[in-house]
Amino acid sequence: MNSDNPYAYNYVHDTRELVYLDGVGFLSEESDETEKKYLEKNAAIIAFSLLLFICIGFLGNILCAIIMKNLGFCTYDKILFDVAYSSDTAKSVSMLIVDTLKVLGSMLFLNAFLKLPKAVFSPFKITNKPIFKLAVPVIAIITVLAFVMNEIFSIFMNDFGINTVVNSINYPTFSISSTIIGGICSIIIFPFIFEVYLHGLIMQSLRQFGDGFALIATAAISAVLVQNFFEFFSVFCISICIGYFVLKTGSILTGIIMFGLHRAILFFTQIIRQTLPPTLSELIVYSLLFIMMVSGFVYVLNSITKRRGLIGLNISNTFLTSKQKVFSSIITFPSLAWLALSFVLTLGVLFNS
């Protein structure tokens with residue numbers, strides 16, 4: 001439909017922005033076959049960026065290990081296994097580099113093809129301030145519920161002899177320098193670039209096929225990227241929550257703040273658990289989580305009671321049904337390749353845990 005951008009299905013007259021509403025964004029003379037064609041093209045290029053995400057992470061870890069060894073900061077017997085860093089700081093720096101590169105590389109690749117205007121994939125102006133005020137308490141509630149659910153599931157699986165790693169940021173926090181580096185990356189850098197990539201480029205490019213589909217598809221992608229069976233559902237729910245608030249407030253800034261707060265909660269609970277005795281650390285962690293959840297519930301319920309209809313989301317329909325959209329999204333070779341590779345890597349994490 002648009003010679004300037006072959007991935008834009010419903011650019012209408014103004015190519016600087018996407019129009020999403022039925023009857024406006026979708027021209028009446030177009031059919032479900034046309035929508036299907038553009039959805040497959042979008043899904044394929046998104047899948048290519050996700051494959052790049054995995055490849056950069058894989059190759060980045062190898063390259064960092066080689067560089068760190070030559071600098072005297074790590075040793076290894078095999079290039080992919082038994083990497084021993086000389087300090088937590090060296091490991092944190094290596095993780096920071098790889099995490100940043102894999103998101104930036106995938107983001108730049110995707111943007112080069114989709115050619116979405118900046119105003120579309122990274123809008124910062126908040127258009128719904130009452131909803132924005134609910135973002136922090138809601139993500140606090142969801143994070144606490146996900147944290148507790150993961151802990152219970154982990155205990156249940158451990159009874160069957162299956163070790164699980166949940167509610168962890170992965171950055172080492174045993175020294176001050178590694179904690180600072182890990183905190184900067186986990187709470188500031190990674191949430192910013194990842195949200196622009198996920199709920200910016202990916203979700204906004206899929207909105208032309210319906211907000212509901214874009215929201216769920218993006219959450220599913222986020223959950224698969226974690227490569228952890230035991231956290232799939234919790235990550236999916238958190239991503240749904242963040243994506244919803246990005247849509248309702250019209251700003252990617254909302255997503256950055258929410259994801260940053262989510263990771264900050266996990267990061268500081270990890271520090272508490274690693275630095276204090278087990279009994280005391282658990283008492284402090286769960287006390288703080290309880291306070292956050294209760295205060296969040298009180299604030300949210302009070303806001304909803306005072307202003308009815310505050311949290312509703314209008315889901316528009318398009319030519320394709322939900323089943324057709326799912327099928328069209330995963331039937332492309334890049335999508336199938338990414339899903340298959342992600343499944344294999346997830347199994348590898350499971351059996352190595």
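I read the elements of the protein chain from the N terminus on, and they run α-β-β-α-α-α-α-α-α-α-α-α-α. I noted that the model is a predicted one. My tally for the protein chain is 11 helices and 2 strands.

Next I looked up burial. The protein chain has 353 residues, and 49% of them count as buried.

Then I looked for patches. Which residues make the nonpolar surface patch of about 480 Å²? I wrote down Leu288, Phe290, Ile291, Val294 and Val298. I followed up one of them, Val298, and found that residue in helix 9, which covers residues 278-306. Is Val298 buried or exposed? Val298 counts as exposed because its relative accessible area is 53%, and the cut-off for exposed is over 50%.

My other entry is on charge. Lys125, Lys129, Lys133 and Arg307 gather on the surface in a patch of positive charge. I picked Lys133 from this group and placed it in helix 4, residues 129-158. Why does Lys133 count as exposed? Its relative accessible area is 56%, and exposed means over 50%.

Key: Residues are numbered from 1 along each chain as its sequence is written. This is a predicted model: local features need pLDDT of at least 70, side-chain atom pairs count only at pLDDT 80 or more; totals for chains, interfaces and linings use all residues. Side-chain values use heavy atoms; hydrogens and water are left out. Patches are made of residues with over 30% relative accessible area and no salt bridge: like charges are joined within 9 Å, nonpolar side chains (Val, Leu, Ile, Met, Phe, Trp, Tyr) within 5 Å. Accessible areas come from the Shrake-Rupley method with a 1.4 Å probe; for residues, only the protein chains shown count as cover. A salt bridge is a side-chain nitrogen of Lys or Arg within 4 Å of a carboxyl oxygen of Asp or Glu. Helices (H or I, at least four residues) and strands (E, at least two) are DSSP runs, numbered from the N terminus. Buried means under 20% relative accessible area, exposed over 50%, partly exposed in between (1.4 Å probe, protein chains only). Lys and Arg count as positive and Asp and Glu as negative; His and the chain ends are not counted. The place of a charge is taken as NZ of Lys, CZ of Arg, CG of Asp or CD of Glu.
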